[in-house]
Structure formats: C-alpha cells, structure tokens
Amino acid sequence: MRKNGSRIISFARYRATDLLLFAVILAVFDVISFFAFTRWFASSSGNFFFSVSIAISLIIMVRWNWYGLFYAVGDGILYCVLAIFAGGGVAEELILQYFVTYAVGNAFVGLAFLMVRFAGYKRITGRWYFTALFVICGWAAVVIGRTIVSVCFGAQLGDALLGFMGPSELLSLVMSIIILLVMRRLDGMMENQRDYLLRLDKERKEKMMADNFGEQPIEIDVETLKTLNKKGDDLFGGK
C-alpha cells in the first residue's frame, strides 16, 4: 500500500523489522568476531574476543523496552554454541552449566532497564556520562548474573567473579561505551520508537501547516493587476 509515493507499514511490522535487523547485526558481528579472534588472527598468548551484545541489548531497551533482554540471552546461547562446536573449549560434562551460565547470567542485563524505567531514556541519552553509566550498569549486571549462576554450580565466588572480568569482557565494556556514545548522537537511534514516530509525525504536520507566505514568489495575473491599478492606493475603491 502506498500513499503519496511512500510505503505505509503497520507499527507491528515496523517493530518486527527493526528487531530483526538488530538481531541479524548482533549475530553476524559475534560470529565474525569469534572466528576473527579465535581462528583467523589468533595469537599464541591467548584467544579472546569482544561482543556487542551489551550495546545492542541496551539500545533495544531504549527503543523497544524489555525486548532487549532477549538479545542478551540469545547472544549467550550463540556464544556457547560457537565455543562448544567451533571452539571445542568446553568439556562435555560442563556443556549444560555453560549454557545456563551464559543464558541466565546474560538475562541479568534486564536490571539495566530499571534506569530506562525510572530515570527515563531522555536523561540517559541527554548526557554522555549517563550513557556511559547505563552501559556500565548493564555490563556489571551481566557479570554479577554469570557469577551467581556459576556459584550455584559450585564455583568459588572470587574465581567466578574474576573469570567473568577478563580481557574479553573488559574490551566488550569499552566497545559498548563507545558504540552507545556514538549512537546517542544519531537522530532517533537512542529514542523510544513510539515517541520517535510520533515526533516525526508531529514535525511533518507542523511543516505542512507552516505559513510559507513570502518564501515563494507570488504570481498575479494581468487582469488582477489592472484592477488593482484602477483602484489606486485604496483596495476598497476609495481615494
């Protein structure tokens, strides 16, 4: 369906398209990052990679509220699949623990939604330090979540906590901060999409209703000019 040459889609389809696009970006980036750091450019000193899971999950929380939670959980599952079947770095008896740790632990990123809920996304995106704090809270929530799950499986608290604060996680934190600081500068990127669409519609209507008198030259036909000249200075016919 088209109107005035532009395609019209429902809000539900717009949301589904937006969510799917970010899901594809997250999955493709994580797969490329995983193989780049563990296979293609792996070093003898150790393999590590960074993920944009925190960044995209938080962006989705701003755009679509709690939907961002599913991105973190899905990314945790994807990481386990890559590590187990592509990396071969997990013992068979630890596979279940691995999946639960990263899936459930990553779900703790939902705690960062409390900032969106109570502080508001406008305050979070309005100042760079609130944006950075938003990322740090999301990252810390994931680390704490993974640690809690690991402890439930019998790991030592200190070892588990330090294990989830390694080079890969710290690099992911830095990259997530940079990504969100950039995204907050882009119009509509770090904005609730319902509010964003309403704002665009309001701006469109205001533009259509704006008084454009004087902006474009006014053409008057010859007969009208003759009538005005006959009436002189007084357009009502008086002198």
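Is Ser-33 buried or exposed, and what is its relative accessible area? Ser-33 is buried, with a relative accessible area of 4%; buried means under 20%, exposed over 50% and partly exposed in between, with a 1.4 Å probe and protein chains only.

The structure is a predicted model, in which local features need pLDDT of at least 70, side-chain atom pairs count only at pLDDT 80 or more, and totals for chains, interfaces and linings use all residues. Residues are numbered from 1 along each chain as its sequence is written, and side-chain values use heavy atoms, with hydrogens and water left out.

**Confidence**

The protein chain has a mean pLDDT of 83, and 78% of its residues reach 70 or more; pLDDT is the predictor's confidence in each residue, from 0 to 100. Over residues 1-5 pLDDT stays under 50, and the model has five contacts beyond four places in sequence for them. Contact means heavy atoms within 4.5 Å.

**Buried residues in helices**

Helices are DSSP runs of H or I with at least four residues, numbered from the N terminus.

| Residue | Helix | Relative accessibility |
|---|---|---|
| Ser-33 | H1 (residues 11-40) | 4% |
| Cys-80 | H3 (residues 68-87) | 0% |
| Asn-106 | H4 (residues 95-107) | 2% |

Neighbours within four places in sequence are left aside for Ser-33, which is in contact with Phe-49 and Phe-50. With the same exclusion, Cys-80 is in contact with Tyr-98, Phe-99 and Tyr-102. The C-alpha atoms of Cys-80 and Leu-96 are separated by 9.7 Å, the two residues being 16 apart along the chain.

Asn-106 touches Ala-72, Val-73, Asp-75, Gly-76, Thr-101, Val-142 and Arg-146, residues up to four places away in sequence not being counted. With Arg-146 there is a polar contact between side chains, at 2.8 Å. Such a contact is a pair of N or O atoms within 3.5 Å; within protein, one must be able to donate a hydrogen and the other to accept it, and residues adjacent in sequence count only if both atoms are side-chain atoms.

**Packing of H2 on H7**

Helix H2 (residues 53-64) packs with helix H7 (residues 128-152) at an angle of about 115 degrees, the axes lying 10 Å apart. Axes are lines fitted to C-alpha atoms over the stretch in contact, and angles run from 0 to 180 degrees between N-to-C directions. From H2, Ile-54, Leu-58 and Val-62 meet Phe-134, Val-135, Gly-138, Trp-139 and Val-142 of H7. By class, this contact has seven nonpolar, one polar and no charged residues; Gly counts as polar.
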